[in-house]
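Morning, everyone. Please have a look at the next structure, and then I'll walk you through it.

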Amino acid sequence: LDRAIAQKAEIVIFPELAMNSSTETEIQKYLQRKSLQTNDYTLKLIFLGSVWKNESNTCVLISGKGTVLCRNEKKNPFSTMREGKEYFEKLSKRPMKYELLDIKDLGRILYVVCKDGLDDIDQVSFWNEYEVNFEVISSLSPSISYFDRQMSDMVEKYMGIAFVSNSCCERV
């Protein structure tokens, strides 16, 4: 964040599982102090990535001054095959709603975690019915090719903007 502030960034996006249980609070305190200390402070939005807590994988979007603007729980669990057996991310519940955020001159923003950005039915609803035109996906994936295809289709059809912040991982 220091580097982003020094470079006059307005938006910062972190990947999935970038937080731990104290990250959100510590960053909020830091941003509150920093925004008061810096004369030409430009930071507006921080997509904090997600945190795993109580069998929930939740992404958090905060303002440049540390206010929580929205949070969304991951709906679609990660799965992987190891030695012929399939393993799933154990999510305690399947959220039935997402929070969206409207920002003047930027549009309707959706922030989701990883596989939720690949859910065809939800994505069409977001972009078509709810008129999302700015989507951010924080992921932890060995490849972003699926995201690239999915988001390219949505951006082209609905004339929006999509970002994926990925922390690459190797398949084990």
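First, the ground rules. This is a predicted model: local features need pLDDT of at least 70, side-chain atom pairs count only at pLDDT 80 or more, and totals for chains, interfaces and linings use all residues. Residues are numbered from 1 along each chain as its sequence is written, and side-chain values use heavy atoms, with hydrogens and water left out.

Now the overall layout. The protein chain has 4 helices and 10 strands. Both are DSSP runs, numbered from the N terminus: helices are H or I with at least four residues, strands are E with at least two. Starting at the N terminus, the order is α-β-α-β-β-β-β-β-β-β-α-β-α-β. The radius of gyration is 16 Å, close to the 16 Å from the globule rule for 172 residues, so the chain is as compact as a globular protein of that length. That radius is taken over C-alpha atoms, and the rule is 2.2 Å times the number of residues to the power 0.38. Along the principal axes, the C-alpha atoms fill a box of roughly 55 × 35 × 25 Å.

How much of the chain is buried? Of the 172 residues, 43% are. Buried means under 20% relative accessible area, exposed means over 50%, and partly exposed lies in between, with a 1.4 Å probe and protein chains only.

Next, contacts, meaning heavy atoms within 4.5 Å. Take those between residues at least 6 apart in sequence: 65% of them join residues at least 24 apart.

On to charges. There are 23 positive and 25 negative ones, and their mean positions are 6 Å apart. Lys and Arg count as positive, Asp and Glu as negative; His and the chain ends are not counted. Each charge is placed at NZ of Lys, CZ of Arg, CG of Asp or CD of Glu.

One of those residue types next. Glu24 sits in helix α2, residues 23–37. Is Glu24 buried or exposed? Buried, at a relative accessible area of 16%. Beyond its neighbours within four places in sequence, Glu24 contacts Met19, Leu48, Val60, Val68 and Arg71.

Compare strand β6. Glu86 lies there, and Glu86 is partly exposed at 41%. The C-alpha atoms of Phe88 and Pro77 are 6.3 Å apart, across 11 residues of chain.

Last topic: rings. The structure holds 4 aromatic pairs. Rings of Phe, Tyr and Trp (its six-membered ring) pair if their centres lie within 6.5 Å; planes under 30 degrees apart are stacked, over 60 edge-to-face, the rest tilted.

One of the pairs is Tyr98 with Phe126: edge-to-face, 5.1 Å between centres, 90° between planes. Tyr98 is in the loop between β6 (85–88) and β7 (100–103), Phe126 is in helix α3 (residues 120–129), and they are 28 residues apart. Tyr98 is buried at 16%, and Phe126 is buried at 6%.

Another is Phe134 with Phe163. Their centres are 5.6 Å apart and their planes at 50°, so this pair is tilted. Phe134 lies in strand β9 (134–139) and Phe163 in strand β10 (161–166), so the pair ties together parts 29 residues apart in sequence. Phe134 is buried at 3%, whereas Phe163 is partly exposed at 37%.
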